[in-house]
Amino acid sequence: MIQLITETWYGEFSSTLVAMHQLRYRVFKIRMDWDVQHSGDMEIDDFDALHPVYLTQVSDDGRVQGSVRLLPSLGPYMLRDTFPALLDGQAAPVSPLIWESSRFAIEAGPDAPKGEHSIAKATYELFAGMIEFGLSRQLTDIVTVTDVRMERVLRRAGWQLRRIGNPQKIGNTLAVAGYLAVSIEVLERLRKAGNLREPVLWTPVMLTAA
């Protein structure tokens with residue numbers, strides 16, 4: 001199950017958001033050793049103060065095991081304001097049809113259900129949730145900064161990153177920026193690969209091919 005949490009619902013889902021920030025701390029600070037801001041055992045940064053949309057992936061036992069943050073490209077966002085070097089001299093996207101995803105985190109155990117290419121089903125669910133959200137907002141693309149390892153996961157899953165520039169070393173990570181297409185076709189491909197038989201968002205989005 002993917003929960004879509006907008007600013008209106010922050011209070012209602014406060015415990016879920018705390019668990020999400022704790023997940024991000026475990027993934028980005030402890031496991032990946034990134035130089036990230038944190039408060040105690042929660043990873044939280046300035047972009048979390050901009051009222052983003054969060055998608056949280058919840059396991060059958062109610063544990064938050066995945067999350068991603070989404071911000072419109074019309075305001076501040078990570079690629080433009082923190083990692084402009086990854087634009088390789090190109091202009092940062094500024095469009096109501098493009099949002100940025102960041103802080104994609106998954107913590108699925110080795111015995112967790114898998115989809116095609118041995119990718120965790122939870123990962124496919126979170127990818128599908130991102131596209132379902134994008135279709136509900138009539139987006140054409142999601143722009144993102146990721147590392148080349150995650151780029152390979154995206155490619156194997158069937159969601160090809162269209163690179164903006166060449167990868168660059170940032171801290172201990174080989175990072176790259178690019179676009180992910182938002183379309184019914186990509187969603188159907190991910191659903192098939194992840195064995196997802198229905199919409200994954202907690203409040204299912206009615207999807208129609210425009």
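Which residues lie nearest the centre of the largest pocket? I began there, keeping in mind that this is a predicted model, in which local features need pLDDT of at least 70, side-chain atom pairs count only at pLDDT 80 or more, and totals for chains, interfaces and linings use all residues. Residues are numbered from 1 along each chain as its sequence is written, and side-chain values use heavy atoms, with hydrogens and water left out.

**Pocket.** I found Phe28, Met32, Trp34, Phe104 and Asp147 nearest the centre, among 48 lining residues. A pocket here is an open set of points on a 1 Å grid over the protein atoms alone, where a 1.4 Å probe fits, with protein on both sides within 12 Å along at least five of seven lines; lining residues have an atom within 4 Å of a point. I noted a volume of about 1100 Å³ for the largest pocket, a volume being the space filled by probe spheres set on the points. Strand 6 gives the most to the lining, with 7 residues.

**Helix pair.** I then looked up helix 3 (residues 121-136) and helix 4 (residues 148-157), which pack at an angle of about 85 degrees with their axes 12 Å apart. Helix 3 is therefore roughly perpendicular to helix 4, a label that covers 65 to 115 degrees. Thr123, Tyr124 and Phe127 in helix 3 meet Met150, Val153, Leu154 and Ala157 in helix 4, where contact means heavy atoms within 4.5 Å.

**Loop.** Last, I checked Ala91, in the loop between helix 2 (78-81) and strand 6 (98-106). Ala91 counts as exposed because its relative accessibility is 64%, and exposed means over 50% with a 1.4 Å probe, protein chains only.

How values were computed: Axes fitted to C-alpha atoms, helices over the stretch in contact; angles between N-to-C directions. Helix = DSSP H or I, 4+ residues; strand = E, 2+ residues; numbered from the N terminus. Parallel < 35°, antiparallel > 145°, perpendicular 65-115°, else oblique. Buried < 20%, exposed > 50% of the residue type's maximum accessible area, 1.4 Å probe, protein only.
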